Amino acid sequence: MPANPPRAFVMGHPISHSRSPMLHGYWLKHYGIPGSYEMLDVAPEAIPDFFKGFRAAGWAGGNVTVPHKTAVIPFLDRVDPAATAMGAVNTLWWEGEALVGGNTDAIGFLGNLDHAVPGWDKTARKAVVLGAGGAARAAAYGLQTRGLSVALCNRTVEKADALARHFGQGVSAHGLEDLDGLMAGCDLLVNATSLGMVHQPANTLDLSPLAPGAIVYDVVYVPLETGLLKAAKARGHRTVDGLGMLLFQAVEGFRHWFDATPDVTDELRRLIEDDIRAKTPGA
Ligand code: ATR
């Protein structure tokens, strides 16, 4: 059972790049909550032993990151509906005696959008999501829960097909050749590919077919303002950046482990922005 004061972790391999300790550390200090958040490098072959010792270690729970988001599932007592839909777990917590795995990426995706463009879903009906990886899954799942129809557009159309079949009604799959037509009729365009990220090819998407009222959301957050968002701003679109998704997805975990609902403040955002700039020249 959880130790007092509560201890939480982020586990991954490698893990030194994770910004979660900075994020949760900020909230613990800001709210004066006794507790800790630790960074654990757990190699894939060490996962069974990690879970064998989980109760004895007194963990309140933690975050799971690459490459363990699917590998941890067999060690859990239960997986929540979002993690089931996404086939990936990013947050662990206790519910009574049960160790539960959830996925807060869709909550983060939506929380960030709600914060940046309040009331956006009162009128938005159609979304186009570029990509078919983990980030696209979270976006599609989240948007589906808000009743939008989602067109998944991916370079490898087979991956979009598989995802659309997985999500069922309201999610369609397309190759990039359909993009211009889909953009003309959408209310929200989401980049959930790695294009535009540092060390990745630039995102050279031509936004001219996009409906003028459409919102443009880029899940990439290094650099903080991607080329896509710059281009969208220049055309007068409302834009949403990816850093907020990282911040908002963390709220649920903190709430479970430390029994307090933290705010995503401007001060927290600046702290993480400064860290990104310090580690990525030009970001
Ligand atoms: P994540 O889990 O972060 O979403 P991922 O699973 O590696 O990352 O997915 C990356 C996405 O970016 C994929 O949709 C990928 O397209 P493919 O499925 O065709 O690989 C997309 N992507 C990466 N590089 C791309 C490129 N140069 N052009 C178009 N799409 C690209």
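His 174 is buried, its relative accessible area being 15% (buried denotes under 20% relative accessible area, exposed over 50%, and partly exposed the range in between, with a 1.4 Å probe and protein chains only). The structure is a predicted model in which local features need pLDDT of at least 70 and side-chain atom pairs count only at pLDDT 80 or more, whereas totals for chains, interfaces and linings use all residues. Residues are numbered from 1 along each chain as its sequence is written, and side-chain values use heavy atoms, with hydrogens and water left out.

His 174 belongs to strand 9, residues 171–174 (helices, H or I of at least four residues, and strands, E of at least two, are DSSP runs numbered from the N terminus). The side chain of His 174 forms a polar contact of 3.0 Å with that of Asp 178; a polar contact is a pair of N or O atoms within 3.5 Å, where within protein one must be able to donate a hydrogen and the other to accept it, and residues adjacent in sequence count only if both atoms are side-chain atoms. When neighbours within four places in sequence are set aside, the contacts of His 174 (heavy atoms within 4.5 Å) are with Ala 151, Leu 152, Cys 153, Asn 154, Val 157, Ala 160 and Leu 182.

Two packed helices are described by the angle between their axes and the distance between the axes. For helix 5 (residues 105–116) and helix 6 (residues 134–145), the axes come within 8 Å and cross at roughly 65°; axes are lines fitted to C-alpha atoms, for helices over the stretch in contact, and angles run from 0 to 180 degrees between N-to-C directions. Helix 5 is therefore roughly perpendicular to helix 6, a description applied to angles of 65 to 115 degrees. The crossing is right-handed, meaning that the near helix is turned clockwise from the far one by less than a right angle. Asp 105, Ala 106, Phe 109 and Leu 110 of helix 5 meet residues of helix 6 including Ala 138, Tyr 141 and Leu 143.

Ala 136, Arg 137, Ala 140, Tyr 141 and Gln 144 in helix 6 are in contact with Leu 163, His 166 and Phe 167 in helix 7.

Most residues other than glycine have a negative phi, and most peptide bonds are trans. The Val 222 to Pro 223 bond is cis, with omega near 10°, and Pro 223 lies in the loop between strand 11 and helix 9 (227–234). Gly 196, in the loop between strand 10 (188–191) and strand 11 (215–218), is 27 residues from Pro 223 in sequence and 8.0 Å from Pro 223 in space, C-alpha to C-alpha. Gly 196 is buried at 18% relative accessibility. A cis bond with omega near 5° also runs from Val 66 to Pro 67.

Positive phi values occur at His 199, about 70°, and at Asp 259, about 60°. His 199 is exposed at 79% relative accessibility, and Asp 259 is exposed at 73%.

Methods: Parallel < 35°, antiparallel > 145°, perpendicular 65-115°, else oblique.
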